[in-house]
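These are my notebook entries on a structure that I examined piece by piece. Each entry records what I looked up and what I found.

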Amino acid sequence: MIGLTSIQSQAQASLPLEAGVLPASALCPVEWVNQIAQLEDNQMAFVPVQPRAGMPYRSFRRPGELFSFQTDAIASVFLTDPRASRATEVVLEGLLGDGLRLEGPYVRVGSERLDGPIDAAPGKNGPDYRFPPDTSVALHCSTDVSVCSRFDAVNVYYHVDQFARKFWIERMGVPIAFQADAKVHVVGDGAFASAEGNVLKFRLGDIFMKNAALSDDLIYHEYAHLVAASLGFNPNSEHSAETRALSEAYADYFTATYTNDPRIGEWVVTCPDRQACMGPPNDREIRTLVLDPAVWSWKFGFPNPDLEYGFCLRYHQLDGKCKASYNNFANHYVWGMIWAATLWDLRAQLGADVVDRLALEALKQHTTETQFSEATLHVLAADTQLFGGQHESIIREAFWVRGFYIPINNNQESPFDIAISHLEVWPNPASNVIRVSFESDQISAASIQLHDVLGRQILKRDFPHLVGARQTSIDINGLPGGIYILSVSSGTNTVSLPVSVIH
Ligand SMILES: [Ca+2]
Ligand SMILES: [Zn+2]
């Protein structure tokens, strides 16, 4: 099984809508069809091969080493997406060899329909990639190869190459030591990346999306996943939803900061005609990083269970029914939107020059086990490392606004690193009494504190010097209902859990 990360969804609720009324249940997608594609020829990554025309070069060998010369080519691309501009003539720098194939140091691109599974796309009569754009429905390419546009692979090449050079290498100082292997004209909606073989696939579009090869932000999002993986952060479907949410969030954040636009997929998203179906307006992008913090909040571990984004209401011709769906409702996407929105909030306050570096440094500290609580500490650690901690209070405030609690360690009497483990709080939610247990690995003093969501200390209880397991009960009858943060401190460590009080 190959880990996939993608902007892709097909959620279809098929409930008939009566008399113009949209029942609440119609908004709940009943089906999540996520493509788990088996990618071909993965073993090639481990088999050293002699270079030949059209051979996919893998990350173990720098493509530049295989050719003694490179060639610039002329090309026609959309600088952003088809909505904003007409196609523009650009130079593709440093195609490998004589530039007869769409292959350079950072990416090679081919059409799955026109070039097959291996070859990169050819130019026309030499290093000339000026093909006419085709923005009509691309899906027909899946059945009629004569309508597949040569423009699409060139467009993907240009955006990956520019993002690698201008953003990752020049701006962020990230060395790119792999060549992405991109394919266009893949059947379905959306796009995906797999760090296995550094594969990118861009689909033709179907019900909810147009041709992903023409969407600059989808291209950047998927490529950002490969860069994150090359830096050691590559969660897949076996890892927790929080960790995968972080992965989606950084792919969206780096896309948004590079394009200076918080909307992801605003050109590529689509929704069939709704005819007489009545309901709220469709969302105009797949995701966005400008989100109401009252709704798009982690809520200290209790986010709204029905977070959704990317609404589409359509009339289904064959069924004669109105169908409602969302592009995002899986936890790793909607929770990722909360994290990405927090970074975007911070960018508005501190500027992209600061927050891009904070995000990159925090990402480098993440692992496939990282949860939000640890990830917030990574952002603070990044600030300490890069900026001497000068943005700490603004960072704490931004996370607080989005419902992330970052523990403050004010237990300074013991400078020792005391490991606190097995912190458990039950029942949770609680109405009369909460029970707390934890363990420490050394003889040490410890304290329990309870804070409300405004950061006010409600209760502090000190424990004498002990080692091992400790347990206590806290009477919460007098506390108003809501979310509280319970923290245990010992030595220089503090661990926290959210507690929900319900009366
Ligand atoms: Ca955008
Ligand atoms: Zn993704």
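**Entry 1: the loop with two prolines.** I looked up P429 and found it in the loop between strand 13 and strand 14. Strands here are DSSP runs of E with at least two residues, helices are runs of H or I with at least four, and both are numbered from the N terminus. The peptide bond between N428 and P429 is cis, with omega about 10°. I then turned to P427, which is placed in the loop between strand 13 (420–426) and strand 14 (433–452). W426 and P427 are also joined by a cis peptide bond, and omega there is about -10°.

**Entry 2: conventions.** I note that this is a predicted model, in which local features need pLDDT of at least 70, side-chain atom pairs count only at pLDDT 80 or more, and totals for chains, interfaces and linings use all residues. Residues are numbered from 1 along each chain as its sequence is written, chains are lettered from A and ligands numbered from 1 in the order in which they are written, and side-chain values use heavy atoms, with hydrogens and water left out.

**Entry 3: the zinc ion.** Which protein atoms are donors of the zinc ion (ligand 2)? I found H221 (NE2), H225 (NE2) and E248 (OE), lying 2.1 Å from the ion. Donors are N, O and S atoms within 2.8 Å of the metal (3.2 Å for Na, K and Ca); water is not among the atoms, so sites may look incomplete. Along the chain, the donors follow the spacing H-x3-H-x22-E. H225 belongs to helix 2 (residues 216–230) and E248 to helix 3 (residues 241–259), so this pair ties together parts that are 23 residues apart in sequence. Both H225 and E248 are buried; buried means under 20% relative accessible area, exposed over 50%, and partly exposed in between (1.4 Å probe, protein chains only).

**Entry 4: positive phi.** N260 is not a glycine, yet its phi is positive, about 55°. I located N260 in the loop between helix 3 and strand 9 (263–264), and N260 is exposed, with a relative accessible area of 56%. Q275, also not a glycine, has a positive phi of about 45°. Q275 lies in the loop between strand 9 and strand 10 (287–288) and is partly exposed, at 44% relative accessible area.

**Entry 5: nonpolar cores.** A nonpolar core is a set of buried Ala, Val, Leu, Ile, Met, Phe, Trp, Tyr and Cys residues joined through side-chain atoms within 4.5 Å. The largest one has 100 residues, and W168 is among those with the most contacts inside it. Another core, of 20 residues, lies apart from it and includes V425 and A430.
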